[in-house]
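Please consult the sequence and the three-dimensional view shown here while reading.

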Amino acid sequence: MKSSFLTRTGLAGMLLLSMAACEKDPLNQVNPNLPTTESFFQTSDDAVKASTACYAGLQGLGMYRRWLNFAFDLRDDIGFSQSPWGELRDFTRFVQTNYDFEVSNNIWRDHYRTIFRCNQVIDKVPGIQGMDATLQRRIVAEARFLRALSYFNLVSLYGNVPLALQYTTDLAQSTPQGTEATVWAQVISDLQAAQADLPASYSGNDLGRATKGAAVTLLGKAYMQNKRWADAQTQFAQVISSGTYRLSAAYTDNFRHTTENNAESIFEVQFSDEKKGGNDSGGGPDATSSQGGQRSQFWGVPGYGFNDGEVRPWLVNEFLKEPTTTGQRDPRLAATVFYNRRDQGQFPTALPSDADTLAYGVGFLTRYGKDARNRARVYWRKYQTDYYRTFEDFDSPINQRVMRYADVLLLQAEALNEQNQTAAAIQLINQVRQRAGLAPLVASNFTQASLRTQLMHERATELAGEGVRWFDLQRWGLLDTPAGVNELKARDEDFTNFVVGKSRLLPLPQADVDLLRLAQNPGY
């Protein structure tokens, strides 16, 4: 098999293109703006720059800047789309006839671009002479973490993906197609190898790089997806006992640019709205763009964004199931969505009204009081920029939190409960509930089975819209049986299109299927 084009072009337009080195003579000079791999990987500074290029991959359109939000948060049973772009809307409804559809193709492309860069770092950095050994090992460990994160996403979305683990520009070199089992094994192997050489924390310009805690957490999450409960428990126990992380005082600290990289954050993708020549709605990062997130523009309410992403009303009712200890609504509700709090038809509740949910400085009902259609809809508020400005654009400065401590507490509770340690699990859940002002759960009221159901509620109310629900649905087996899909269908009508044995995975891009002679996913 020939190597995929997508695995060969990861550094197009970047520093590290592979070309034959030129002789240094007056008529044949090396272009200082286009160093080759032979001339580049010489110093510690080169290694750090190459590592930074790996992180830049996370800002690609097909990664956390835009399309991963659609793949994870609009294809679950909480989010959905009424986008006027029919092909995008169908993508979120498990209908895809064009296997090279832009969104799916971009996700595939940008993950493999990142993997290409990581493979180059893993291959080249160990050979740099005279480099500080600790920094050298750290740079390689960071690349292993980012490669693992990329494959974590790919195997969860596409299943049996090509497993490119070597840096190469040889067009004749094959890229074998992995099975889900072999890809997960590689994720686990990379994270195990990375842990020892990553620091507990960073400071200054290095803030946001992968830490030991990030590698330990992601390894725990990989074990969870494979139902290796005891192994996951061991990883999460390290994070919890490290003393490095704690729940932030305010829930909203996790979704604002003013409180980024805080003590609850374990790993986040760094975004900025600082312009480098002009506003950019394209693929960035490049010389004329910022490194801004675009979720808020695409999911903004009418008049402020494209409102391509919305929320199923059942989530609001999930929040309204119980009051806080002072008899109020769960404060995470208003932090998560814009909604009509007075709609007793969709949202029947005896709880007292909270303050009108603001939408860019104006009450939701004030804004949509005469618009019946929009008044009945529920929009994402989490990660919107309404808390500090009255517009949205393609450059949100809010970092995407990929992993945070509250998720670890709830996952550890799940791992413990699956091992019949229900009482210990409840203690962890109560930490998350306490911040929300909810009464603690009482262990004697729960069995293992009933706590599973409770955890589904806890994860929906704490983590909705944070890119984890799709993994939850996979892990809970709800995508594997007609009964599970029927449960989801009752909350989200898009699951009417879901085909068991097919729709759990996206189709592999047809261009690579043809080029690499890959086995297409079942049902496509």
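The largest cavity has a volume of about 170 Å³, where a cavity is a set of points on a 1 Å grid, over the protein atoms alone, at which a 1.4 Å probe fits but cannot get out, and where a volume is the space filled by probe spheres set on points joined across faces, edges and corners. The model is a predicted one, in which local features need pLDDT of at least 70 and side-chain atom pairs count only at pLDDT 80 or more, whereas totals for chains, interfaces and linings use all residues. Residues are numbered from 1 along each chain as its sequence is written, and side-chain values use heavy atoms, with hydrogens and water left out.

By this rule there are 4 cavities of 30 Å³ or more. Lining residues are those with an atom within 4 Å of a point; the largest cavity has 17 of them, and Tyr64, Val402, Glu466, Gly467 and Phe471 are the closest to its centre. Two or more lining residues come from each of α4 (67-73), α7, α9 (212-225) and β8 (400-404), with helices (H or I, at least four residues) and strands (E, at least two) being DSSP runs numbered from the N terminus. The most is given by α4, with 4 residues. The lining divides into 9 nonpolar, 4 polar and 4 charged residues, a scheme in which Ala, Val, Leu, Ile, Met, Phe, Trp, Tyr, Cys and Pro count as nonpolar, Asp, Glu, Lys and Arg as charged, and the others, Gly among them, as polar.

The second largest cavity holds about 70 Å³ of space, and its lining includes Tyr64, Arg65, Phe271, Arg295 and Tyr383. Here α3 (61-65) and α11 (295-299) are the elements that give two or more residues, and the lining has 4 nonpolar, 6 polar and 2 charged residues by class.

Two packed helices are described by the angle between their axes and the distance between the axes. Axes are lines fitted to C-alpha atoms, for helices over the stretch in contact, and angles run from 0 to 180 degrees between N-to-C directions. The table gives the helix pairs.

| Helix pair | Axes come within | Crossing angle |
|---|---|---|
| α7 (residues 133-158) and α8 (residues 180-195) | 8 Å | roughly 155° |
| α8 and α9 | 9 Å | roughly 155° |
| α10 (residues 229-241) and α16 (residues 405-417) | 9 Å | roughly 145° |

The axes of α7 and α8 cross at roughly 155°, which makes α7 roughly antiparallel to α8, a term for angles over 145 degrees. The crossing of α7 and α8 is left-handed, meaning that the near helix is turned anticlockwise from the far one by less than a right angle. Contact means heavy atoms within 4.5 Å, and among the residues that make it are Phe145, Tyr151 and Phe152 of α7 and Trp184, Val187 and Leu191 of α8. By class, this contact has 12 nonpolar, 2 polar and 4 charged residues.

Helices α8 and α9 are likewise roughly antiparallel to each other, and α8 passes α9 in a left-handed crossing. Their contact involves residues including Trp184, Ile188 and Leu191 of α8 and Val216, Leu219 and Tyr223 of α9, with 10 nonpolar, 3 polar and 1 charged residues.

The crossing of α10 and α16 is left-handed. Residues including Trp229, Phe236 and Ile240 in α10 meet residues in α16, among them Tyr405, Leu409 and Leu416, and this contact has 12 nonpolar, 2 polar and 1 charged residues.

Methods:
Angles under 35 degrees count as roughly parallel, over 145 as roughly antiparallel, 65 to 115 as roughly perpendicular and the rest as oblique. On a 1 Å grid over the protein atoms alone, a cavity is a set of points where a 1.4 Å probe fits but cannot get out, and a pocket is an open set with protein on both sides within 12 Å along at least five of seven lines; lining residues have an atom within 4 Å of a point.
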